[in-house]
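The following questions and answers are meant to be read beside the sequence and the structure. Please keep both in view while working through them.

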Amino acid sequence: MLLSDYDYSLPEELIAQMPADKRENSKMMVLNRKDRTISHKHFYDIVDMLDSNTLLVMNNTKVLPARLIGHKDTGAKIEVFLLKPSSPRPLWESEEFVNEQNCEFTNSGDGCLWDVLIKPSKRVKPDTIIKISDELSVRAVKRLEENGEWLVELIFEGDNLLDVLHRNGQIPLPPYIERKIPNDDLKKLDFERYQTVYAKDEGSVAAPTAGLHFTKEILQKLEDKGIELAYVTLNVGLGTFRPVQCENVENHKMHSETFEISEKASEQINRAKAEGKKIVAVGTTTVRTLETAYQKYGCIKPCHDHSELFIYPPYKFKVIDNLITNFHLPKSTLLMLVSALAGKDFIFEAYKEAIENNYRFFSYGDCMYIC
């Protein structure tokens with residue numbers, strides 16, 4: 001398993017800089033694994049492609065305005081990218097933890113601790129203060145890794161960090177989406193379109209992008225057709241988008257990401273499996289949530305846990321049958337995951353055809369349905 005085996009060349013103009021005019025108008029490539037055929041559709045065709053013998057599972061996490069731009073007292077510009085609260089579990093998921101620690105999204109006056117990426121990291125030392133605004137500052141506590149990861153203290157006015165972040169933060173678009181001088185219209189567009197329509201609880205620093213194609217109308221049409229919908233939560237963090245840097249893929253270690261499966265979702269999934277329904281996952285984060293739970297417990301049960309699962313060939317899937325997913329970066333763990341499901345050769349054949357047919361790639365791009 002060599003990293004170089006998962007590389008491919010992509011024309012820069014195929015990297016989607018803007019979302020489709022309408023979510024459901026994105027192109028959708030359909031990969032039939034049984035017949036090894038490729039067909040070209042639009043996402044709104046998903047209603048016709050799924051039947052009532054289907055459970056559709058989606059990740060309902062919501063993206064935080066996690067990108068903070070500030071300055072040191074020298075005037076040097078510093079970017080702080082929030083990754084996750086440095087605590088046993090996020091505040092918005094644990095009332096008990098909130099009451100005990102009075103941190104994270106509430107402020108005791110002492111601030112709260114988060115894992116972040118700092119850029120440029122070399123300009124920061126422990127106790128460096130980065131001023132974001134009059135109501136929010138960041139104090140560097142200690143360096144966690146040489147790649148720019150730090151433990152910091154967020155110091156803010158008021159008692160609700162989420163409100164402070166919405167006033168001072170930006171939606172953390174991937175670096176290949178360029179917003180050098182974002183105007184108010186672009187900011188508004190990204191706040192709306194870099195979220196799924198079913199996003200619920202804020203906790204992610206990147207969107208589960210396969211879900212961006214769904215509209216409320218499409219979800220309703222699926223339910224009207226008898227297709228059952230289930231929701232899990234995985235807070236997307238560094239584990240999803242951190243690049244693989246070792247040539248031997250098996251040496252790569254995934255960063256931990258928290259997930260939650262409710263009692264209702266676990267009942268839906270277990271019942272669907274028992275009845276022989278197809279489990280269709282929306283996005284690789286949903287796949288990792290379900291496969292991690294099964295690997296840990298031997299079934300899908302209500303839980304709040306964390307995933308460090310790295311899926312690559314020849315992984316055998318235990319829970320999901322089919323997958324709706326976007327087109328992924330070269331050499332990424334996500335490209336390896338879909339290769340495990342559909343076969344590396346078939347995936348690379350599909351990517352070649354996508355490039356030839358001017359599909360739009362990555363977060364704001366088109367999608368594929370692997371069935």
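Q: Leaving aside its neighbours within four places in sequence, with which residues is asparagine 168 in contact?
A: The model examined here is predicted. Asparagine 168 has its place in helix H3. Apart from its neighbours within four places in sequence, asparagine 168 is in contact with Leu68, Ile132, Ser133, Glu135 and Leu136.

Q: Is asparagine 168 buried or exposed?
A: A residue counts as buried under 20% relative accessible area. The relative accessible area of asparagine 168 is 19%, so this residue is buried.

Q: With which side chain does the side chain of asparagine 168 make a polar contact?
A: A polar atom of the asparagine 168 side chain lies 2.8 Å from the backbone oxygen of valine 164. Side chain to side chain, asparagine 168 makes a polar contact at 2.7 Å, and the partner is serine 133.

Q: Why do the buried residues of H3 line one face of the helix?
A: The buried residues of H3 are Leu161, Val164, Leu165 and Asn168. In an α-helix there are 3.6 residues a turn, so residues three or four places apart point the same way. Seen down the axis of H3, the buried residues line one face because they fall within an arc of 100°.

Q: Which residue caps the N-terminal end of H3?
A: A side-chain oxygen of the capping residue lies 3.0 Å from the backbone nitrogen of leucine 162. The residue that caps this end of H3 is asparagine 160.

Q: At what angle do helix H9 and helix H10 pack?
A: Leu335, Val338, Ser339 and Ala342 in H9 meet Lys344, Phe346, Ile347, Phe348 and Tyr351 in H10. The residues of this contact divide into 7 nonpolar, 1 polar and 1 charged. The axes of H9 and H10 are 7 Å apart, and the helices pack at an angle of about 115°.

Q: Is the pair of tyrosine 198 and tyrosine 231 stacked, tilted or edge-to-face?
A: The structure holds 16 aromatic pairs. In this one, the ring centres of tyrosine 198 and tyrosine 231 are 5.5 Å apart. Planes under 30 degrees apart count as stacked and over 60 as edge-to-face. The planes of tyrosine 198 and tyrosine 231 are at 55°, so the pair is tilted.

Q: How many residues apart in sequence are the parts that tyrosine 198 and tyrosine 231 tie together?
A: Tyrosine 198 lies in the loop between helix H4 and strand S11, whereas tyrosine 231 lies in strand S12. The pair therefore ties together parts whose separation in sequence is 33 residues.

Technical notes
Residues numbered from 1 in each chain as written. Predicted model: local features only at pLDDT ≥ 70, side-chain atom pairs only at ≥ 80, totals over all residues. Heavy atoms only, no water. Buried < 20%, exposed > 50% of the residue type's maximum accessible area, 1.4 Å probe, protein only. Helix = DSSP H or I, 4+ residues; strand = E, 2+ residues; numbered from the N terminus. Arc of directions from axis to C-beta. Polar contact = N/O pair within 3.5 Å; in protein donor to acceptor, adjacent residues only side chain to side chain. Axes fitted to C-alpha atoms, helices over the stretch in contact; angles between N-to-C directions. Contact = heavy atoms within 4.5 Å. Nonpolar A, V, L, I, M, F, W, Y, C, P; charged D, E, K, R; others polar. Phe/Tyr/Trp six-rings, centres within 6.5 Å; stacked < 30°, edge-to-face > 60°.
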